[in-house]
Amino acid sequence: MPDPHERRRSRTEDTPRPARRTVLAASATLATAGIAGCSGDSNAESEPTETPNPTQTETETTETPETTPTEAPQVVATNIEFVEENGDEVKDLAQVNIQTSGNPQPDAVNASINGQQVGLTPTEDGFVSDTVPVNREGSYTAQVETSEQVETEQGSLEDTAEYFLTNGPQFSQREDTPGIIDIHLEPDQETPGTLERLSENVLEASVKVDDQEQNIQLQKTGDEPGYHATVNAYKNSEITEDISIVLNQLQDFKLAEDNLTAEATQINPENKITAEQVYKNQSTESVLTEEEIENLENYQNGKPTNLGQLIKELNKHADATRRQLTKDYKTITHQDLGINTDQIKAIERTSTSGENYTAIFYRENTDTNWKKALAEAQSNKKTAPEAVLLPGEEVNPMDFEAKRILHGLHDHDDTGNVASIDFEQMAGIIDNSNTEENLSESEWEENLERGDKYNDSLVIGETPGDIEIGYTPDVRGYLGDIIHPRDGDAAKELELIESATEYLHNAVPEDRYMQIDVAETVEEGEELIDLEDGNTMYATTVDEETHKENVMEIYDLDDN
């Protein structure tokens with residue numbers, strides 16, 4: 001099988017043309033000479049020789065006219081090429097051009113392409129053959145036969161050319177979403193348009209990712225030539241490099257074996273974006289003075305033994321703006337105080353009203369369970385510690401307002417303040433208030449879409465690009481329980497946050513939406529956490545239509 005990545009044309013170089021045979025006719029000249037007579041008398045004087053009278057003696061010369069040298073018929077070169085029909089720029093026809101000299105007769109020259117006889121039409125330089133449809137990739141050979149009267153130069157009776165629609169499938173790993181692998185199939189530069197015409201809008205193929213087979217379609221790439229598809233190589237929190245593709249044969253056209261299958265190369269599993277990387281990218285420059293840092297380092301005798309109280313103290317030093325609070329907690333704890341991320345992690349969250357707050361996961365050492373505190377930014381440094389709600393704290397009506405607001409985020413009796421991803425609580429409020437009945441359909445949809453903007457706060461930091469996170473109704477009750485600051489499992493929540501963050505950054509392309517769902521058996525997507533009832537919460541990607549359906553259904557208690 002010829003290498004499809006090298007275009008080659010095997011022809012023998014022309015050798016010097018042999019001397020033409022020339023027939024010459026010799027010229028003959030006829031002449032007559034006079035002869036002098038002698039006296040019989042030896043004493044007689046010699047008499048002058050008499051010049052013949054022209055009228056008496058006549059010399060005749062006959063010239064034979066020169067003939068023009070005649071050239072023997074000869075085949076000089078044979079060339080096979082691929083041409084289009086009627087100027088449509090689709091080169092799917094094979095044709096032979098035969099260069100001759102000496103004007104050989106048409107019946108003295110025959111030609112074939114891959115053994116198939118083709119008719120010849122005389123041209124100014126020789127002959128051109130009828131065309132033969134190209135129906136496969138590979139070698140196409142033209143052969144010429146001549147009669148005995150036609151001479152040939154060495155290697156002039158055969159020519160071979162390679163025909164390929166493509167260079168075969170090519171794989172590339174995305175830099176911003178390294179678990180997404182792009183598959184490109186570009187047409188060969190010498191055959192423009194042919195691949196598109198033969199395959200119309202899509203190419204069917206099967207792909208194996210880590211030994212799991214799936215059918216895909218390679219779509220036309222807009223105005224650019226060729227076809228494109230993507231596959232998700234992110235599985236079990238890792239990026240696999242074990243990817244292969246098999247293209248289906250085109251209708252009435254056979255692809256070369258080397259162009260039919262391909263294995264992915266240059267995919268680096270180490271390019272995975274980790275939750276830790278995303279978390280650290282959210283830090284900012286320190287907002288503290290050297291004196292403030294020194295005072296915090298000496299807090300609790302220089303070795304914090306009560307991280308809950310330290311978190312309250314840190315709220316004095318964080319920026320008063322809500323959007324900055326989470327970043328300041330990260331910077332102060334990790335950069336200024338040197339506390340590792342395996343003891344404290346600050347995650348930004350949003351309420352259904354669009355207000356930002358911070359969920360702070362902490363543990364005294366790596367052998368203890370995670371706890372979760374909630375914090376709200378405050379401009380008053382004296383009261384700032386009271387704007388932190390620790391998991392064991394009770395709240396009464398006389399407590400600081402910020403603390404009561406944080407408590408109300410997960411209190412079903414407080415209907416004016418709800419955490420954005422506590423869908424069950426919000427759905428109950430909507431159901432009891434008859435909100436949907438009081439709005440037109442378009443107003444209701446706008447209301448839900450506005451609230452959906454805040455539902456991306458499950459993951460660390462902001463979602464990249466225009467990617468959004470959606471949830472099926474099956475997630476509703478589970479998620480509300482998981483994120484509850486007192487009744488929830490903080491370790492399970494943190495596991496969910498980190499695994500969802502990694503899936504988002506590694507496996508969700510910009511033209512798709514991330515979806516969180518629950519199932520007993522996960523058939524497609526990435527498992528995020530195991531639930532206590534034996535089900536699994538998992539992530540997958542969906543299109544815009546499915547995402548919008550989820551937005552409409554997540555707050556509808558009748559949709560389970």
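Q: What makes the contact between lysine 403 and glutamate 393 a salt bridge?
A: A salt bridge requires a side-chain nitrogen of Lys or Arg within 4 Å of a carboxyl oxygen of Asp or Glu. In this structure the closest N and O atoms of lysine 403 and glutamate 393 are 3.3 Å apart, so the pair meets the rule. Helices (H or I, at least four residues) and strands (E, at least two) are DSSP runs, numbered from the N terminus. This is a predicted model, in which local features need pLDDT of at least 70 and side-chain atom pairs count only at pLDDT 80 or more, while totals for chains, interfaces and linings use all residues. Residues are numbered from 1 along each chain as its sequence is written, and side-chain values use heavy atoms, with hydrogens and water left out.

Q: Why is lysine 403 called buried?
A: Buried means under 20% relative accessible area, exposed means over 50%, and partly exposed lies in between (1.4 Å probe, protein chains only). Lysine 403 has a relative accessible area of 6% and therefore counts as buried. Lysine 403 also belongs to a network of salt bridges that links Lys312, Glu386, Glu393 and Lys403.

Q: How do you know that glutamate 498 and lysine 345 meet in a salt bridge?
A: Their N to O distance is 3.6 Å, which lies within the limit, and by this rule the count for the structure comes to 11 salt bridges. The side chains of glutamate 498 and lysine 345 meet although their places in the chain are distant, glutamate 498 being in helix α11 (residues 490-507) and lysine 345 in strand β21 (residues 344-350), 153 residues apart. With 25% relative accessibility glutamate 498 is partly exposed, whereas lysine 345, at 7%, is buried.

Q: What makes arginine 349 and glutamate 493 a salt bridge, and which parts do they tie together?
A: The N to O distance between their side chains is 2.8 Å, so the pair falls within the limit for a salt bridge. Because arginine 349 lies in strand β21 and glutamate 493 in helix α11, the pair ties together parts that are 144 residues apart in sequence. Both residues are buried.

Q: Why is the ring pair of phenylalanine 82 and tyrosine 163 called edge-to-face?
A: Rings of Phe, Tyr and Trp (its six-membered ring) pair if their centres lie within 6.5 Å, and planes under 30 degrees apart count as stacked, over 60 as edge-to-face and the rest as tilted. The structure holds six aromatic pairs. For phenylalanine 82 and tyrosine 163 the centres are 4.7 Å apart and the planes stand at 70°, so the pair is edge-to-face. The pair links distant parts of the chain, from phenylalanine 82 in strand β2 (residues 74-84) to tyrosine 163 in strand β11 (residues 158-163), 81 residues apart. Phenylalanine 82, with a relative accessible area of 14%, is buried, and tyrosine 163, at 1%, is buried as well. Ring pairs join Phe82, Tyr140 and Tyr163 into a cluster.

Q: How do you know whether asparagine 103 is buried or exposed?
A: The relative accessible area of asparagine 103 is 67%, which is over 50%, so the residue counts as exposed. Asparagine 103 sits in the loop between β3 and β4 (109-113), and there it has a positive phi of about 50° although it is not a glycine. Most residues other than glycine have a negative phi.

Q: Why does serine 101 count as buried?
A: Serine 101 has a relative accessible area of 11%, which is under 20%, and so it is buried. Serine 101 is placed in strand β3 (residues 91-101), and its C-alpha is 9.6 Å from that of glutamate 151, a residue 50 positions apart in sequence.

Q: What makes asparagine 535 a buried residue?
A: Asparagine 535 has 17% relative accessibility, which is under 20%, and therefore counts as buried. Asparagine 535 lies in the loop between β27 and β28, and its C-alpha is separated by 7.3 Å from that of threonine 521, 14 residues apart along the chain.
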